[in-house]
Amino acid sequence: MAAPAETILGNDDWWRDAVVYQIYPRSFADGDGDGTGDLRGVRQKLPYLKDLGIDAIWLSPFYTSPLADGGYDVADYRDVDPRFGTLADFDEMTADAHALGIRIIVDLVPNHCSDEHEWFQAALAAGPGSAERALFVFRDGQGEQGELPPNDWESIFGGPAWTRIPDGQWYLHLFDPGQPDFNWEHPAVRAEFRDILRFWLDRGVDGFRIDVAHGMIKADGLPNVGRTSADGERQVVMIGNDTLPYFDQDGVHEIYREWRPILDSYAGGRMAVAEAWVPDAQRLARYIGSDELHQAFNFDFMMASWDAESFRTIIDKSLAEADLVGAPTTWVLSNHDKHRHVTRYGDGDLGLARARAGTLLMLALPGSAYLYNGEELGLNEVLDLPDELREDPAFRRTGESRDGCRVPLPWSGGAETGFGFGPAGSARPWLPQPASWAALTAEAQENDPASTLNLYRSALRVRKEQPGLGGGTLTWLDSPTGVLALRREPGLVVVANVSGEPVDLASYGSAVLLASGPLDGDGRLPADTTAYLTA
């Protein structure tokens, strides 16, 4: 097994200002040439990640899975899917990462499993009223013959959240039918996941990202929501904050109060971060604290419009929420569920300029930051994938697809060789890469000082060198409309120009340490550009 991180890395509070790099394993790097990314590919790219300057990697699921939902349908929580490697590959990757000073966070998917999980297969075979079915949410249907779902709940991916099986009962799946929900009121489910935590902690992982952290407990009686898509409004979207009987129930906090002592019993600052969609700041704050989880994702920043007032409102709100529980906030601009921020911010060069500026702003804020693999290359969302190649289960039900942010990364060479995604002679990557990515490969950007890759490297280096970045507080400075100017003590000023006019930097600092784009001929900060200055 991998060496425990505490023997190598130290610093129990590392997560408070860490920069974490999310890896979608299937799309990061292919180590064995079969066209699918894997843990050997991750291991091979660890020196690249070390040079980038990140503190930890978060691995999206690599567990045994039929990939009905890209690995978020887990058939075995204690093993690696053969497509991604073996437990030995995981241990070797973890040991190498720790030797380079990189922590490992793994995804944990507790709300649901795969319909190929041995527990669910046993539940299907055992029949109504069995102990096996009690581990999941099985119910009789409504109507004269039970032909209607038990209630009006809808799947996140569209359509009913219930599927009927041949004996007439229905089972709950808040996501794909291949992802049955566990019954977290059952003590055996709780005991199983406490053991799963220990299994991976014993292998040296430094933390967990908790998928759908607000979803395990359902309201008593499974009451109707009272509206359906037929009413012209979806019950819930992938990232939202609606009040619903199957999300953010008070009982979920009992689970995390059981998990926190387990995390604390391991040396080295083991942590957990929640993916939680909740109605307001007070509800989110309940997930964080000394007796529950360490962090919760802040999706508001990712959803902000390209507008100074929008950014400032969300930054102030996020920091105030964090202060409620004495925990750092988290910042994120892209992930595996949303279009890449290059594309969200605009077309072509405009989107890239704004993405670079937004990233520098994000990395200058107090707290920790989460990057998504490939954003350091300035990759755009791939919007024109052939429908027959799309694998996102939401696409089949709603027409919406997350496949475009999961296209395999371009490392070197051209499209004819899969941009170096795998070794020479490899199978084609599992999703096609745009030919336009030839200029965005890591190899093409390596020696260009103005490249997005080198901007990220410089920003992460400055973040480590400047004591005012990472933890601490910020102070807003007076600035023109459409401009964000903030001070990070000691001695750093950050100016983000979201307006349409150049900004004079003379009043903000004595020297520009880093800028997301070139200054104009008069030394002013152009629109859609962010700069770090010495105060």
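Predicted model: local features only at pLDDT ≥ 70, side-chain atom pairs only at ≥ 80, totals over all residues.
A residue counts as buried here when its relative accessible area is under 20%.

**A strand wrapped on both sides**

Strand β5 covers residues 103–108. Which of its residues are buried on each side? On one face these are R103, I105 and D107, and on the other I104, V106 and L108, so both faces are covered by the cut-off of under 20%. Because six of the six residues of β5 are buried, the strand is largely enclosed by the rest of the structure.

β5 also has partners. Strand β2 (residues 56–59) is joined to β5 by four bridges, and the two run parallel. Within that pairing, L59 has V106 of β5 as its bridge partner. Four bridges also link β5 with β9, again in the parallel sense.

Strands of a sheet pair through backbone hydrogen bonds, either parallel or antiparallel. In this model, eight strands make an open sheet with parallel pairing, and their order is β11-β10-β9-β5-β2-β1-β13-β12. Which strands form the edges? They are β11 (295–296) and β12 (330–332), each pairing on one side only.

Strand β1 (residues 19–23) runs parallel to β13 (residues 368–372), with four bridges between them. Look for Y21, which stands opposite L371 in β13.

Helices pack on this sheet too. Helix α7 (residues 252–264) touches β5, β9 (207–210) and β10 (271–274), and its direction makes about 160° with that of β9. Helix α12 (residues 348–363) touches β1, β12 and β13, with an angle of about 150° between its direction and that of β13.

**The nonpolar cores**

In soluble globular proteins, nonpolar side chains tend to be buried together. The largest nonpolar core of this model has 157 residues, and I57 and F90 are those with the most contacts inside it. What does I57 touch, once neighbours within four places in sequence are set aside? Its contacts include V20, Y21 and I23, as well as V42, L46 and L49. R103, I104 and I105 are also among them. A second, separate core has eleven residues, including L477, A485, V503 and Y508.

**Rings and charges**

The model has 34 aromatic pairs. Two of them are set side by side here:

| Ring pair | Distance between centres | Angle between planes |
|---|---|---|
| F28 and W411 | 5.3 Å | 90° |
| Y246 and F247 | 5.1 Å | 75° |

Why do both pairs count as edge-to-face? The cut-off is planes over 60 degrees apart, and the angles of 90° and 75° put both pairs in that class.

Both F28 and W411 are buried. F28 lies in helix α1 (residues 25–28) and W411 in the loop between α13 (393–398) and α14 (442–445), so this pair ties together parts that are 383 residues apart in sequence. In the other pair, Y246 counts as buried because its relative accessibility is 0%, and F247 counts as buried at 4%.

The charged end of R133 sits over the ring of F138, 4.7 Å from its centre. Likewise, R390 lies over the face of F395, at 5.4 Å from the ring centre.

Methods:
Residues numbered from 1 in each chain as written. Heavy atoms only, no water. Core = buried A, V, L, I, M, F, W, Y, C linked by side-chain atoms within 4.5 Å. Buried < 20%, exposed > 50% of the residue type's maximum accessible area, 1.4 Å probe, protein only. Contact = heavy atoms within 4.5 Å. Pairing = 2+ DSSP bridges. Axes fitted to C-alpha atoms, helices over the stretch in contact; angles between N-to-C directions. Phe/Tyr/Trp six-rings, centres within 6.5 Å; stacked < 30°, edge-to-face > 60°. Lys NZ or Arg CZ within 6 Å of the ring centre and 35° of its normal.
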